[in-house]
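Please keep the sequence and the model in view while working through the points.

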Amino acid sequence: MMRCWLSTFSFAAALAGASALAADGARGIGYAATGPIFDLPAGMSVERLEVHVSFHSVRLAYVFKSRKPQTVHFRFALPDMPVDASEDIAALDKNYEAAGLAADTQPANYMNLSVRADGKPVVLGGHGRALLNGKDVTRQLLNAGIPLLSGPDGSAWRHLVPEVRTELEASGLMNVDAAAWTYQADFEWDQTFEPGETRVDVSYVTLANYWSDITVDHFPEIAPGGPATRAYCIDDALRRAFFRKPFSYDIYTVTHLAAPSSRWRGPVGHYRLVVDKGAATNLVAFCPLAARKISPTTFEWTATNYNPDIPTGVLFFMNQNAASSGAKE
């Protein structure tokens with residue numbers, strides 16, 4: 001069996017939605033971030049889009065073209081996260097209880113979302129909310145004086161008075177000392193565009209989903225025709241490279257969900273996908289299989305008049321020991 005301990009901040013992202021990538025669901029669908037959502041007015045288009053995916057980050061570079069001055073509203077919703085996650089994941093400062101109580105109007109940026117327009121930082125607004133089975137329970141918690149986020153190991157809830165604890169447990173919001181709700185941050189900003197081209201760069205930390213308990217002698221996901229083979233375009237060369245030293249690798253998925261492109265005023269004029277596997281001894285698999293190697297660690301795929309309306313999923317084979325060789329390696 002293959003196992004590893006995952007560092008606190010590189011945590012969990014995979015996919016949600018798309019049937020092709022969902023085929024690997026036996027390994028557990030993790031968290032995924034969707035790109036910025038925006039409705040372009042008449043006279044605007046996305047001329048270029050570059051998506052750069054690595055194990056640690058996703059970077060998006062949009063080049064918009066506008067015929068006249070106008071303003072567009074952007075929204076970026078982070079995936080909801082368990083509130084009893086560690087302090088690093090929750091992105092709280094040392095005064096985490098106060099931050100947790102203000103997390104509705106001062107959302108925690110737990111994926112280190114950053115936006116720049118023509119190289120200048122964009123100030124993000126937004127809000128955070130607590131969710132229980134899809135229901136917004138933000139006001140219920142704050143009215144009871146309960147932080148939406150906990151800090152390390154739920155320590156903000158350790159000294160709840162019995163009546164409050166009983167009420168939380170009765171409503172399904174708490175189970176013993178663990179919060180049952182999740183937290184989601186939703187960021188937004190208004191971007192002004194002048195005539196001509198404007199570049200908007202968006203980046204965030206990935207949440208890589210670890211494939212635990214891989215049985216090397218029974219690994220049907222990457223067999224020819226297997227679900228991971230179909231979802232990540234695994235070829236025979238990569239398969240051979242993996243099985244030469246299978247215990248050298250820890251396996252993760254990283255997925256970027258493209259925001260709906262139906263309101264982008266047409267397809268992207270020029271699209272470029274770059275995947276960086278991080279080290280020459282790692283292996284990586286993703287679609288399309290036609291991507292070409294442009295450096296010892298990076299691969300590129302380009303298209304024109306392209307609609308990026310399907311998730312970009314990358315399967316990383318992170319080599320923890322000796323080097324290996326193979327295709328997409």
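1. Two strands are said to pair if DSSP finds at least two bridges between them. The model discussed here is predicted. In it, strand β4 (residues 57–66) and strand β14 (residues 196–205) run antiparallel to each other and share 10 bridges. Within this pairing, Tyr 62 has Val 200 of β14 as its bridge partner.

2. These strands belong to an open sheet of 8 strands with mixed pairing, in the order β8-β7-β14-β4-β3-β17-β20-β19. At its edges lie β8 (120–121) and β19 (292–293), each of which pairs on one side only.

3. Is Thr 198 buried or exposed? This residue of strand β14 has a relative accessible area of 7% and is therefore buried, since the cut-off for that class is under 20%. Leaving aside neighbours within four places in sequence, Thr 198 contacts Tyr 62, Val 63, Phe 64, Asp 118 and Phe 193.

4. The structure contains 25 aromatic pairs. One of them joins Phe 38 and Phe 74 in a tilted arrangement, at 5.0 Å centre to centre and 45° between the planes. This pair links strand β2 (residues 37–38) with strand β5 (residues 70–77), the two residues being 36 apart. Phe 38 is buried at 2% relative accessible area, and Phe 74 is buried at 1%.

5. The rings of Phe 286 and Phe 299 have centres 6.1 Å apart and planes at 65°, so this pair is edge-to-face. Phe 286 lies in strand β18 (residues 283–286) and Phe 299 in strand β20 (residues 298–306).

6. Which residues do ring pairs link into a cluster? They are Phe 38, Tyr 62, Phe 64, Phe 74, Trp 189, Phe 193 and Trp 264.

Terms used. Residues numbered from 1 in each chain as written. Predicted model: local features only at pLDDT ≥ 70, side-chain atom pairs only at ≥ 80, totals over all residues. Heavy atoms only, no water. Helix = DSSP H or I, 4+ residues; strand = E, 2+ residues; numbered from the N terminus. Buried < 20%, exposed > 50% of the residue type's maximum accessible area, 1.4 Å probe, protein only. Contact = heavy atoms within 4.5 Å. Phe/Tyr/Trp six-rings, centres within 6.5 Å; stacked < 30°, edge-to-face > 60°.
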